[in-house]
Amino acid sequence: MELLKFKSLFYFIYYMVLTNKQKFNIKHGLPKNKSHSIKSISNLSGYTEGSLRTVLSKGRGAYHSNPQSVRPNVKSATQWGMARIYASVNPTTKSHKIDKPNLKKKKKYKIYFGKIVWVKKRWVKWGT
């Protein structure tokens with residue numbers, strides 16, 4: 001097995017000790033062990049709730065279809081699915097690469113003079 005070279009002790013601790021949930025919380029400036037709902041993960045990460053629910057169902061299915069690969073400290077399929085969500089919103093993980101076709105970004109809206117307009121890489125007429 002190839003040993004990884006780290007720039008400093010911080011990178012070693014960050015990549016080797018923390019869970020994906022803790023990395024997510026640190027990235028967004030929240031307490032390390034704070035739990036989130038799918039809606040709050042959606043708001044923070046920018047992915048749609050529907051795509052995160054798809055990833056959750058894939059995690060639940062993986063829990064039931066391959067029970068010998070599940071760690072003994074995981075008690076439910078939902079717990080396994082939420083761990084998969086946290087892993088899939090982190091772009092440095094293998095799970096993100098696997099779930100990337102299922103993950104969809106939210107549409108971006110802008111407000112012009114009190115009217116909400118969807119901007120699709122170009123200016124949109126918003127008057128009259």
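## Rings, cores and a buried serine

The structure holds one aromatic pair. Phe24 and Tyr86 form this pair, in an edge-to-face arrangement. Note that the model is predicted. The pair links distant parts of the chain: Phe24 belongs to helix H2 (residues 20-27) and Tyr86 to helix H5, 62 residues apart. Phe24 is buried, and Tyr86 is buried too.

Another ring, that of Tyr47, has the charged end of Lys105 sitting over it. The table lists the values for these ring arrangements.

| Residues | Arrangement | Values |
|---|---|---|
| Phe24 and Tyr86 | edge-to-face aromatic pair | 5.6 Å centre to centre, 65° between the planes |
| Lys105 and Tyr47 | charged end over the ring | 4.5 Å from the ring centre |

Phe24, Tyr86 and Tyr47 also belong to the largest nonpolar core. This core has twelve residues, including Ile38, Leu52, Leu56, Met82, Ile85 and Leu103. Helix H3 (38-45), helix H4 (49-65) and helix H5 (77-88) each supply at least two residues of this core. A second, separate core has five residues, among them Tyr63, Val70, Val74 and Ala77. In soluble globular proteins, nonpolar side chains tend to be buried together.

Take Ile38 from the largest core. Beyond residues up to four places away in sequence, Ile38 touches Glu49, Leu52, Arg53, Leu56, Met82 and Ile85.

Now for Ser95, in helix H6 (residues 94-99). Is Ser95 buried or exposed? Its relative accessible area is 16%, under the 20% cut-off, so Ser95 counts as buried. Which residues does Ser95 contact, leaving aside neighbours within four places in sequence? They are Arg84, Ala87 and Ser88.

Terms used
Residues are numbered from 1 along each chain as its sequence is written. This is a predicted model: local features need pLDDT of at least 70, side-chain atom pairs count only at pLDDT 80 or more; totals for chains, interfaces and linings use all residues. Side-chain values use heavy atoms; hydrogens and water are left out. A nonpolar core is a set of buried Ala, Val, Leu, Ile, Met, Phe, Trp, Tyr and Cys residues joined through side-chain atoms within 4.5 Å. Buried means under 20% relative accessible area, exposed over 50%, partly exposed in between (1.4 Å probe, protein chains only). Helices (H or I, at least four residues) and strands (E, at least two) are DSSP runs, numbered from the N terminus. Contact means heavy atoms within 4.5 Å. Rings of Phe, Tyr and Trp (its six-membered ring) pair if their centres lie within 6.5 Å; planes under 30 degrees apart count as stacked, over 60 as edge-to-face and the rest as tilted. A charge sits over a ring if NZ of Lys or CZ of Arg is within 6 Å of the ring centre and within 35 degrees of the ring normal.
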